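Welcome! Take a moment to look over the sequence and the 3D view before reading on.

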Amino acid sequence: MKLAVWTYEGPPHVGAMRVATGMRDLHMVLHAPQGDTYADLLFTMIERRDHRPPVSYTTFQARDLGADTAGLFMTAARDAHARFDPQALLVAASCTAELIQDDPGGLAETMGLPVPVIPLELPSYQRKENFGADEAFLQLCRALARPMARTERVTCNILGPTALGFRHRDDLAEITGLLSEMGIEVNVAAPMGASPADIARMGAAHFNVLLYPETAESAARWLEREHDQPFTKTIPIGAHATRAFIEEVRALSGSTLAVDESRLRLPWWAASVDSTYLTGKRVFLFGDGTHVMAAAKVARDEMGFEVCGMGCYNREQARPMRALAKEFGLTALITDDYLDVEAAIEEAAPEMIMGTQMERHIGKRLGIPCAVISAPVHVQDFPARYSPQMGFEGANVLFDTWVHPLVMGLEEHLLVMFREDFEFHDAAGPSHHGSKAQPLPTEATAAHAAADEGGVTPPPAAPPSPDSIVWLGCAERELKKIPFFVRGKARRNTEKFAGEKGLREITVDTLYEAKAHYAR
């Protein structure tokens, strides 16, 4: 554990809370100090849920540490059972409470509560949020799932969707509809939307559909071993992967029903003349392993992008990530330090980033457009509309999500190119606010005329230091004609070229000489 301004994953108890919050008739008792209740805001503010997470906190304070904190936990557990009447209780300690070693699981077992009590061992200083979700769901299955006869019709369980997951709500709806087209009913979808009673009847399904390995792979492997339920390995993100997923499900279920692809637009739109100018665009991907690996294949095989970098923050996915990156001729970046990610993106100089909320901020700092493809995300990536990432409709959403930043980037570039036009200069005002187009101020026109003659716009307040390189105004104006997503690299290369040539000033000729030099 280390101090950081921003982190990709929270501690393990946040992952366990994601499982509990997605379920029904389950309650979690978290042994935690007063400050750890911040996690509620993740669900009510960012995911915009209409109810609080089903979590009770012991909320001990500093003055309680010299007294009976174990007694506080037992009181909180009894009160939670009496107030909420859950079908089962999860009990765990937060990263802070772990240090006082009260053993919430052992304490709960001695209390004789009339519902199953499921203790969670969450090593907060070695593992993180996704592990906490995966472990919580595994322990729920181990404690509650019972062997039973299979359903008469072929059914499956869907594993992995949780609260605070990236588009989990809509992915679940999309894949449920896809399975229905194939004549396959969903026995239980869990954790999201399931109750402990539903977990108990998971053994009736014929196979499992694993959507998110980060949160449910351990449970899928346990169900395969203990209940003889095979699980799908293909993540249906993109048109190609969705078709492969359908074939895998057919092999497991024996279904022969056709699936309607009439609403799938990605393949034609990606091949259409309007999209061909996007072919070969260099993209850098970073996020959780599942989404990045799926997105890399879609970017290369379905959109025609060139993947110039990829990586993930969850080390549990490091091995498959490295293997896929090797297929792309790349070295995977495995890190949870956003500064390392920013440095790698700056070095790769892509034309677009696909990442998390943090990569969106990195893109703003570097002037590179970004499409969000993975958690963690902010409030705008929990849309009210239907917006899955999986299945055929998910493929359409991917096209829109990935192409629009590049299209808007092109529009921004054109606005910069024509910024001296009477409609678009800074003093004209936004047209959508009813502003009337205004001519450029006289002083601005004079300054640009001086720039045409090689002068500086505006002139520096003090002469440059001897070791600095000065961009003449005409060169600065020419630089602005370069698309914004490669302008930073062009500036750095030109300054490096000028330094190597011993030049004090950069002119338009210097800019193009540097371009020719680095194009060799």
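Helices (H or I, at least four residues) and strands (E, at least two) are DSSP runs, numbered from the N terminus. With those labels in hand, keep in mind that this is a predicted model.

The largest nonpolar core has 58 residues, and the members that touch the most others are Leu285, Phe305, Met310 and Trp402. Both domain 2 (155–253) and domain 3 (266–406) supply at least three residues to this core. As background, nonpolar side chains tend to be buried together in soluble globular proteins.

Leaving aside residues up to four places away in sequence, its contacts include Val292, Ala295 and Ala296. Val307, Gly309 and Met310 are also among the residues that Leu285 touches.

## Strands E8 and E9

Strand E8 (residues 282–287) runs parallel to E9, and the two pair over 6 bridges. Strand E9 (residues 306–312) is mostly covered, with 6 of its 7 residues buried.

## Helix H11

Helix H11 covers residues 289–301, and its end C-alpha atoms are 18 Å apart, in agreement with the 18 Å that its 13 residues should span at 1.5 Å a residue. At the start of the helix, Asp288 places a side-chain oxygen within 3.1 Å of the backbone nitrogen of Thr290.

Is H11 enclosed or open, and what tells us so? Buried means under 20% relative accessible area. Since 10 of the 13 residues of H11 are buried, the helix is largely enclosed by the rest of the structure. Among these buried residues are Gly289, His291, Met293 and Val298.

Two cis peptide bonds deserve a look. One joins Ala190 and Pro191, with omega about 5 degrees; Pro191 sits in the loop between strand E6 (185–190) and helix H7 (196–200). Another joins Ala375 and Pro376, also with omega about 5 degrees. Pro376 is found in the loop between strand E12 (370–372) and helix H15 (391–417).

Arg167, which is not a glycine, has phi near 60 degrees, and it lies in the loop between strand E5 (155–159) and helix H6 (168–181). Its relative accessibility is 8%, so Arg167 counts as buried. Asp228, also not a glycine, has a phi of about 55 degrees and belongs to the loop between helix H8 (213–227) and helix H9 (239–253). Asp228 is exposed, with a relative accessible area of 61%.

Key. Residues numbered from 1 in each chain as written. Predicted model: local features only at pLDDT ≥ 70, side-chain atom pairs only at ≥ 80, totals over all residues. Heavy atoms only, no water. Core = buried A, V, L, I, M, F, W, Y, C linked by side-chain atoms within 4.5 Å. Buried < 20%, exposed > 50% of the residue type's maximum accessible area, 1.4 Å probe, protein only. Domains from an automatic or database assignment. Contact = heavy atoms within 4.5 Å. Expected span 1.5 Å × (residues − 1). Polar contact = N/O pair within 3.5 Å; in protein donor to acceptor, adjacent residues only side chain to side chain. Pairing = 2+ DSSP bridges.
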